[in-house]
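Biologist: Could you walk me through this one? I'd like to start with a loop and then move on to the helices and the charged pairs.

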Amino acid sequence: MQRLSAPYIAGATLDDARRTVAQLNAEQKLATVDVLGEEVTRAAEAEAVALAYHAALDAIAGDHLDANVSVKLTALGLEIDLDLCRSLLATVVADAAARGIFVRIDMEHSACTDDTLRLYRELLEAGRENVGIVLQSCLRRTLADVGDLADLRPNVRLCKGIYVEPPSMAFQGREAIRANFVQTLDALLELGCYVGVATHDEWLLERTLERVAALDRDDYELQMLLGVRERRATELVERGQRLRVYVPYGDRWYEYSLRRLQENPALAGMLAKAAVMRILPGVG
Ligand SMILES: Cc1cc2nc3c(=O)[nH]c(=O)nc-3n(C[C@H](O)[C@H](O)[C@H](O)COP(=O)(O)OP(=O)(O)OC[C@H]3O[C@@H](n4cnc5c(N)ncnc54)[C@H](O)[C@@H]3O)c2cc1C
């Protein structure tokens, strides 16, 4: 699995992430750095993840990298102790603010949505400006969430959502998820929000570019995952688009890789075939 996941992860260490971000910046791409640390089960693990974020912020500032950070609240202890999570998040956001760095709070499975939105609102109401949220177009609640957040004029990354959710919570078909993506994007643009449009879906990229051109907007960016549609990302940058790449690093690569492979079973099949061919070189 580690070998299969290599294209999607900068590496196990912060130095790997620094090198990857420097390379992306040299290609005029921005980055967002994610410390892999989902599935923490003890407070000490959440505290270790927070320390890793402080180190990442130090590296971004020290190397003058054009990057921000993306944080999963479960990695900061959301499912262990809400108060612990709140205080670790507050220190990461304060440290980032002192260095002029933005923090994106990733959105996780639907049981985390309310708490994630609540902690986001608390930070903005406390005067923090360097923090943004993620909304998932697969969720039926998302347009209502845009309405609830409207008074904050949130900075939003919009994505389809990667977690498997029941039909009662989430649209299941590709077209319904796309339609809700476009509707949510329109609602966010209408509110005057800065939007990070996170998708590799060509149809959605085209709808996004049409809309921002028609509205003459430049308060948006495109976002893609490390290792996915890199040629298309380069083309978009060459056409003058602001594009940010999600750069995960750390030794907790297993859960992240599993999700990437679940998303793209064809890739898993191809890699499995390649592995079999190496074991049985005479076959195929
Ligand atoms: C920057 C960024 C941040 C994200 N943050 C979150 C988050 O906080 N919460 C959350 O739930 N989800 C997040 N996601 C994941 C997102 O919700 C989708 O699950 C993911 O982007 C796939 O949907 P898509 O819109 O790219 O379209 P898809 O239709 O899935 O993909 C379109 C095409 O892109 C290519 N592609 C897509 N994925 C892969 C892959 N893994 N390997 C190779 N090719 C691939 C394929 O050619 C595919 O046909 C994020 C995605 C990005 C890009």
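**Loops, helices and charged pairs**

Modeller: Let me begin with R153, which lies in the loop between α6 and β5; helices here are DSSP runs of H or I with at least four residues, strands are runs of E with at least two, and both are numbered from the N terminus. This is a predicted model, in which local features need pLDDT of at least 70 and side-chain atom pairs count only at pLDDT 80 or more, while totals for chains, interfaces and linings use all residues. Residues are numbered from 1 along each chain as its sequence is written, and side-chain values use heavy atoms, with hydrogens and water left out.

Biologist: What is the phi of R153?

Modeller: The phi of R153 is positive, about 40 degrees, although R153 is not a glycine. R153 is also exposed, with a relative accessible area of 54%, where exposed means over 50%, buried under 20% and partly exposed in between, using a 1.4 Å probe and protein chains only.

Biologist: And where does Q28 lie?

Modeller: Q28 sits in the loop between α2 (14-26) and β1 (30-35), and its phi is near 65 degrees, a positive value in a residue other than glycine. With a relative accessible area of 57%, Q28 is exposed.

Biologist: Switching to helices, how many residues does α8 have?

Modeller: Helix α8 (residues 202-214) has 13 residues and reaches 18 Å from its first C-alpha to its last, close to the 18 Å expected at 1.5 Å a residue; the expected span is 1.5 Å times one less than the number of residues. Just after α8, D216 takes a positive phi of about 55 degrees.

Biologist: Which residue caps the N-terminal end of α8?

Modeller: That is D201, with a side-chain oxygen 3.0 Å from the backbone nitrogen of W203.

Biologist: Which residues of α8 are buried, and what do they pack against?

Modeller: L204, L205, R207, T208, L209 and V212 are buried in α8, and the buried residues of this helix pack against α7 (174-191), β6 (195-198), β7 (220-225) and α9 (230-238).

Biologist: Is L204 buried or exposed?

Modeller: L204 is buried, with a relative accessible area of 1%. Leaving aside residues up to four places away in sequence, L204 touches K160, R178, F181, V182 and T199, a contact being heavy atoms within 4.5 Å. L204 and R178 are 26 residues apart in sequence but 7.1 Å apart in space, C-alpha to C-alpha.

Biologist: Why does R207 count as buried?

Modeller: R207 counts as buried because its relative accessibility is 17%. A polar contact of 2.6 Å joins the side chains of R207 and E210; such a contact is a pair of N or O atoms within 3.5 Å, where within protein one must be able to donate a hydrogen and the other to accept it, and residues adjacent in sequence count only if both atoms are side-chain atoms. R207 also lies over the face of W203, at 4.9 Å from the ring centre, and a charge sits over a ring if NZ of Lys or CZ of Arg is within 6 Å of the ring centre and within 35 degrees of the ring normal.

Biologist: How many salt bridges does a search of the whole structure find?

Modeller: The search finds 26 salt bridges, each being a side-chain nitrogen of Lys or Arg within 4 Å of a carboxyl oxygen of Asp or Glu. Side chains of opposite charge can pair when their charged atoms come close.

Biologist: What does R178 form with D201?

Modeller: R178 forms a salt bridge with D201, the closest N and O atoms being 2.9 Å apart. R178 lies in helix α7 and D201 in the loop between β6 and α8, so the pair ties together parts that are 23 residues apart in sequence. Both R178 and D201 are buried, and a network of salt bridges links K160, R174, E175, R178 and D201.

Biologist: And D114, which residue does it meet in a salt bridge?

Modeller: The side chain of D114 meets that of R141, at 2.8 Å from N to O. This pair links distant parts of the chain, with D114 in helix α5 (residues 113-125) and R141 in the loop between β4 (131-136) and α6 (142-149), 27 residues apart. D114 is partly exposed, with a relative accessible area of 45%, and R141 is partly exposed at 23%.
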